[in-house]
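Student: Before we look at anything together, could you show me how to read the surroundings of a residue and the pairing of rings?

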Amino acid sequence: MKIFRLLCGIGLLAVLASNVWTMSRWSESRGVYDDVCYLRQAHLFQKHGLGGIDTNIIFDDDDYLKNKLKAIGYAEWNVVARIPCHTFIPAADKYVMQYPPGTGFALALFREGFQVIPLYMVANVTVLAFALLALFRARDPALLALAAIFGFAALYLMVNPSKASYSVPPTMMVCAAAGCLTARYFVEGPRRRLQLLALVGLLVGLSVNFRLPNLFLAVGYCLYLAGAFLLARSRETFLQGAAFGVAFLIGMAPTLIANAINAGSPFSTTYGGVDVAPPELNASVLLSYLVDVQFTLLAISAAWTVWLWRLDQGRGRQIALLVAVNLAVNLIFFMTHPIFTPYYIIPIEMISLWTLLFATLDLRGERAADSAAFPQPANA
C-alpha cells in the first residue's frame with residue numbers, strides 16, 4: 001500500500017507538472033470577450049482598490065478596455081452600446097459589467113499582464129492537495145485506486161474544460177473544499193457538524209462571486225436541511241440550517257454589494273439578453289450536453305449516487321439524498337437554459353463527485369476498520 005500510494009502521488013505530481021507546462025504557454029489575449037471583461041474588473045481593483053467593484057463604463061478613463069478590445073480586433077471598440085459583457089441599467093443610466101466581482105478580484109491578486117497563468121496554477125495546486133488528501137485517506141487498494149483515478153481526472157479537468165472561462169478555476173477550488181467538508185459533516189458529532197455546515201455555506205457563498213449560477217449549488221443543501229428540520233423539528237437541525245444560510249449570505253456578500261452599486265439593488269441582476277431569458281427546453285442545447293464530457297461526468301455522478309444509496313442504509317443514504325437533490329435542481333436549471341457552454345454543469349458535477357469520493361472513503365474505510373477490529377469467526 002505504501003509503495004502504491006507513493007507511486008500514485010508521484011503520478012499526480014507528474015500530471016500537475018504537465019498542466020503547468022501547458023498553462024505556461026497560454027496567452028491572456030486569445031480573442032475571448034469574457035477574458036477581456038474579467039481582466040477589466042481586475043484592472044479596476046488594482047487601480048481603485050475595493051472601489052473597483054463599481055464597473056461603470058465611465059471608469060474606463062485610461063482606455064484599458066478599449067485598448068484590450070482593439071487588441072483582439074473588435075471592430076466596435078469605440079461604441080459604448082456595443083461593448084461586450086456590459087449591460088445598460090436604465091434606472092441608473094449607465095453601462096456596467098455583467099459578471100460578479102470574484103473572478104476579477106482573484107485575477108487582481110497577481111501582477112497585471114501575468115494574471116491568468118498564476119491563477120490557474122494556484123487552482124491546480126489546490127486540487128492536487130485535495131487529491132493527495134484523498135490518497136492518504138484511502139485504507140485499501142481498491143479505494144486507493146479510486147482516489148488515484150479521481151485525482152488524475154480532476155487535474156485533467158483543470159486544463160480542459162477549465163480553460164474555457166477564468167471563472168472556472170476558482171470555482172473548482174471551492175468545489176473540492178466544499179465536497180470534502182460536506183462528506184465530513186455526516187461523520188462528525190453535533191457541535192463539529194454545525195461548524196462544518198457553516199464552512200460549507202461560506203464556501204458555496206464565495207463561489208457565487210466567481211459565477212452567478214453557482215447560486216444553485218446551495219439549493220440542494222437548503223432543501224436537504226429544510227427537510228431535515230421538518231422531519232426532526234429539533235434545535236440542532238434548526239441551528240444547522242441557520243448556520244448554513246447565514247454563512248452562505250456572508251460568502252456572497254460581495255456580489256450583493258456589487259449588485260447594489262451597479263444595478264441599484266442587491267437583488268437586481270447586472271445580466272441581460274439571453275442570460276435572463278425564461279426557461280425553455282431546447283433540443284440543440286440538450287444534444288450539446290449529451291455529446292459533451294459534461295454528460296460523462298453527470299452519468300458517473302448519478303451512478304455513484306445510486307451505488308452509495310445502496311451501500312449504506314444510514315449516512316450513505318443521507319449523503320446520496322443531498323447529492324441527488326443538488327444534482328436535480330442544477331440540471332433542471334441548466335437544461336432549460338437557452339444556451340450551452342462546455343463548463344456550465346462542471347461545478348455541480350465536481351462538488352457532487354468530491355462529496356461522493358470522500359464519503360466513499362469514509363464509509364468504506366469505517367467498514368474495513370470494523371472488520372479488522374471484529375473478524376468473523378472461522379467456519380467449523
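Predicted model: local features only at pLDDT ≥ 70, side-chain atom pairs only at ≥ 80, totals over all residues.

Student: Is T270 buried or exposed?

Tutor: Burial is read from relative accessible area, with under 20% taken as buried. T270 has a relative accessible area of 5%, so this residue is buried, and T270 is found in the loop between α11 (253-263) and α12 (283-290).

Student: How are the rings of F45 and F105 arranged?

Tutor: For a ring pair one reads the distance between centres and the angle between planes, and planes over 60 degrees apart count as edge-to-face. There are 22 aromatic pairs in the count. One of them joins Y38 and Y166, which are tilted, with 6.4 Å from centre to centre and 40° between the planes; Y38 is in helix α2 (residues 33-48), whereas Y166 is in the loop between α6 (141-157) and α7 (168-185), 128 residues apart. Y166 counts as buried, at 2% relative accessibility. In your pair, the centres of F45 and F105 are 5.5 Å apart and the planes stand at 90°, so the pair is edge-to-face.

Student: Which residues form a cluster through ring pairs?

Tutor: The cluster is made up of W26, Y38, Y99, Y120, Y166 and Y271.

Notes. Residues numbered from 1 in each chain as written. Heavy atoms only, no water. Helix = DSSP H or I, 4+ residues; strand = E, 2+ residues; numbered from the N terminus. Buried < 20%, exposed > 50% of the residue type's maximum accessible area, 1.4 Å probe, protein only. Phe/Tyr/Trp six-rings, centres within 6.5 Å; stacked < 30°, edge-to-face > 60°.
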